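Hello,

Here is the structure we spoke about. Please open it alongside this note, then read on for what turned up.

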Amino acid sequence: KRKYGGTLEDVAEKLQAIEKEIAVVSDLSDQIRNMEKQIDDLKRKLIQTAETLSENRKAAAEDLSKKIEFELAGLKMPNSRFKITLESIPAEPAAACPAVDGKRIIETGMDRADFLISPNPGEALKPLAQIASGGELSRVVLALKAITAQQSSLETVVFDEVDAGIGGSAAEVVGNKLRLLSAYHQIICITHLAQIAKFGHNHFRISKHVVNSRTVTAIEPLDEAERVEELARMLAGATITPATLAHAREMLDMNRP
């Protein structure tokens, strides 16, 4: 009694606690076997899910590649070829991740996607990240966003120099696509082309100045009159004529909903 609490009740409680501990230890091998079975069942389910996901991705990659080529043609890249390839992730002997048939399974599955593009006829398909210019990359992103616009939860998309290497009717098409995309996302577009800038709901002018021997970047929103003047400057450069202003005004008026 002195050792286990001072009363017979305390001794009885201690006995019950010891019996529970013995039962756990005695049943430990069964618990291990049950746990191993659960792990095996979960691993089989994981492999099955990863293989199903991989097959679905292959079908989706082919379909998405065709849709991107169609969108790029509408964005004045008519001869572009686009392909999404899926490669398995090689298993590593020391890795903790499960594997099947030499393929490692990670949080996103057992595939690694590569985007390949051939922007010009006669060129082989090469990784998008390595060969695409800034303008081409922006148009690929624009094509992707146009395809997934209604399903994506992304709130803001920034397009930097999406007008690189285009002009005229191509810029008009790109600008209109951006305007349509703005129904689903907030679009921020940095552009030097009036044909694209005219589609914006709001227009900001970015300029650089030297203040106290330091370069300062200023961003200012433009009202209606200032916007017409800025579009005219984008069209004509330093010298703005009444005809250029009239053209800028006409561009804005034609674009109003």
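**Pockets**

Sorted by class, the lining of the largest pocket holds twelve nonpolar, ten polar and four charged residues. Nonpolar here covers Ala, Val, Leu, Ile, Met, Phe, Trp, Tyr, Cys and Pro; charged covers Asp, Glu, Lys and Arg; the others, Gly among them, are polar.

Before going further: this is a predicted model, where local features need pLDDT of at least 70, side-chain atom pairs count only at pLDDT 80 or more, and totals for chains, interfaces and linings use all residues. Residues are numbered from 1 along each chain as its sequence is written, and side-chain values use heavy atoms, with hydrogens and water left out.

The largest pocket has a volume of about 870 Å³. Of its 26 lining residues, Cys189, Ile190, Asn202, His203 and Phe204 are the closest to the centre. (A pocket is an open set of points on a 1 Å grid over the protein atoms alone, where a 1.4 Å probe fits, with protein on both sides within 12 Å along at least five of seven lines; lining residues have an atom within 4 Å of a point. A volume is the space filled by probe spheres set on the points, which are joined across faces, edges and corners.) Strand β7 gives the largest share of this lining, five residues. (Helices are DSSP runs of H or I, at least four residues; strands are runs of E, at least two; both are numbered from the N terminus.)

The second largest pocket has about 150 Å³ of space. Its lining divides into two nonpolar, two polar and seven charged residues. Helix α2 supplies the largest share, four residues. Glu51, Lys58 and Asp101 are among the lining residues.

**Strands**

β7 (residues 186–190) also pairs with β6 (residues 156–160), in the parallel sense, over five bridges. (Pairing takes at least two DSSP bridges.) Asp160 has Ile190 as its bridge partner in β7.

**Aromatic pair**

How many aromatic pairs does a search of the whole structure find? One. The ring centres of Phe82 and Phe115 are 5.6 Å apart and the planes are at 65°, so the pair is edge-to-face. (Rings pair if their centres lie within 6.5 Å; planes under 30 degrees apart are stacked, over 60 edge-to-face, the rest tilted.) Phe82 is in β1 and Phe115 in β4, so the pair ties together parts 33 residues apart in sequence. Phe82 is buried, at 4% relative accessible area. Phe115 is partly exposed, at 30%. (Buried is under 20%, exposed over 50%, partly exposed in between, with a 1.4 Å probe and protein chains only.)

Best wishes

Definitions and conventions: Rings of Phe, Tyr and Trp (its six-membered ring) pair if their centres lie within 6.5 Å; planes under 30 degrees apart count as stacked, over 60 as edge-to-face and the rest as tilted.
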